[in-house]
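Colleague: I would like to learn how to read a few features of a model with you, taking each general idea before the particular case. Could we start once the structure is in view?

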Amino acid sequence: MAELVGPLMRGALASLGIDAVTPADTGRAPVESCDLIIVGGGPAGLAAGLYAARMNLKTVLVDGGPIGGQLLNTELIEDYPGFESISGGDLASKMGDHARKFGLDIREFEPVEAVEVRPGGTKVARLESGRELHAPALVFAAGGRPRKLDVPGEAEFAGRGVSYCAVCDGAFFQGQELAVVGGGDAALEEADFLTRYASRVTVIHRRGQLRAQPILQARARANPSIDFILGARVREIHGNGVVSGVRLERDHEERDLPVSGVFILVGFLPNSLHLPAQVERDAAGYVLTGRDLQTSVEGLWAVGDVRAQLTRQVATAVGDGTTAAVAVSQYLEGLRDRRRDVALSPARERASARSET
Ligand SMILES: Cc1cc2nc3c(=O)[nH]c(=O)nc-3n(C[C@H](O)[C@H](O)[C@H](O)COP(=O)(O)OP(=O)(O)OC[C@H]3O[C@@H](n4cnc5c(N)ncnc54)[C@H](O)[C@@H]3O)c2cc1C
């Protein structure tokens, strides 16, 4: 029979005189306990898991699909330190193997239906399978996904000219002509950024007016390498193996714009809906965190693309996971100390009462 409570919590419970042996996890009990639950097995969750497991916390990581997250949608990564060029799939496997080596319990194809905070502060990951994971700490690393245009050619040319991330892929388009689809802050910032590489960038927006802040609009308009096509919709992305152009519709007329790359920057959807209502989010749904990446709920951290921050990159996701794991370890230590103090206080009171008489 396996003990399902991790060493730190076992110590804390023992100090309270509670026997921490719980039902076996062999065959997966309906309710399992551990020190730390990690929801999401992208770079942020895997980094948190590696650090936590290496710090001897009994950690269970669940992912709704295979581990890797957005890495699995990325052809080549050339900006993760230590790897001049590596496929997203290879980097995902390496991260998974590394974390497993330190004892991380990774469970793939285990979607989380909801995260709950029970009275007393226990964090619960309710799995779609009907089982539950319980722990005093939870790191939420569910990432997000770029909003799609859903036009013909978008999926076919993803990674072959269609991109959702200028910082990630801009450098692949040196001296080429590009289209940026979108009219918000991200679209204009990224269009400006892409002119470092591209010979010309055309911003295509479906409305007659851009939505971006005036200062970003002014900067983009002042950039001689940026053109604008407003009030136009992308109907198709075409090419032959790689992107060669987009078909646009404006005022019921269609035309082709020849480009080698299309950056679709029409929004990003953070996967934060599974969190309880008391976890504070910004207007776009990104989770707000403090300096140690703890959310507005004690014992619940948010890391990587799901949290509000300046950039969304593999390196920042990994950094987030690292910070959160260290913070979790300190939190569990503190929890243990607090519980030991509570357990000792009646004895202390009795001792002090005796000394006063
Ligand atoms: C096309 C593309 C190309 C990119 N290229 C680069 C690049 O070249 N360099 C770079 O640094 N960055 C790149 N990025 C960004 C980078 O991939 C992300 O910043 C990074 O993957 C974020 O990691 P994460 O762990 O926060 O989230 P994700 O990678 O999104 O992982 C989240 C994980 O959570 C899981 N999950 C979600 N909901 C649930 C649930 N309810 N239950 C259980 N599991 C759940 C998902 O299945 C997923 O595995 C790219 C992104 C995209 C989309």
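Colleague: Which residues of α2 are buried?

Modeller: A residue is called buried if 20 or more other C-beta atoms lie within 10 Å of its own, exposed if 12 or fewer, and partly exposed in between, with the C-beta atoms placed from the backbone. In α2 the buried residues are P43, A44, G45, L46, A47, A48, G49, L50, Y51, A52 and A53, that is, eleven of its twelve residues, and the helix is mostly covered. This is a predicted model, in which local features need pLDDT of at least 70 and side-chain atom pairs count only at pLDDT 80 or more, whereas totals for chains, interfaces and linings use all residues. Residues are numbered from 1 along each chain as its sequence is written.

Colleague: What span does α2 reach from its first C-alpha to its last?

Modeller: Helices (H or I, at least four residues) and strands (E, at least two) are DSSP runs, numbered from the N terminus, and the expected span of a helix is 1.5 Å times one less than its number of residues. Helix α2, residues 43-54, reaches 16 Å, close to the 16 Å expected; N56, which follows α2, has a positive phi near 70°.

Colleague: At what angle do α2 and α3 pack?

Modeller: Axes are lines fitted to C-alpha atoms, for helices over the stretch in contact, and angles run from 0 to 180 degrees between N-to-C directions. Angles under 35 degrees count as roughly parallel, over 145 as roughly antiparallel, 65 to 115 as roughly perpendicular and the rest as oblique. Here α2 and helix α3 (residues 88-101) pack at about 20°, with their axes 8 Å apart, and the two helices are therefore roughly parallel to each other.

Colleague: In what order do the strands of the open sheet lie?

Modeller: Two strands pair if DSSP finds at least two bridges between them. The open sheet has five strands in the order β12-β19-β13-β14-β15, with parallel pairing, and its edge strands, each pairing on one side only, are β12 (162-163) and β15 (226-230). Between β13 (residues 177-181) and β14 (residues 200-205) there are five bridges, and E177 has R200 in β14 as its bridge partner.

Colleague: Is N240 buried or exposed?

Modeller: N240, which lies in strand β16 (residues 233-240), is exposed because 6 other C-beta atoms are within 10 Å. The C-alpha atoms of N240 and R160 are separated by 9.9 Å, although these residues are 80 residues apart along the chain.
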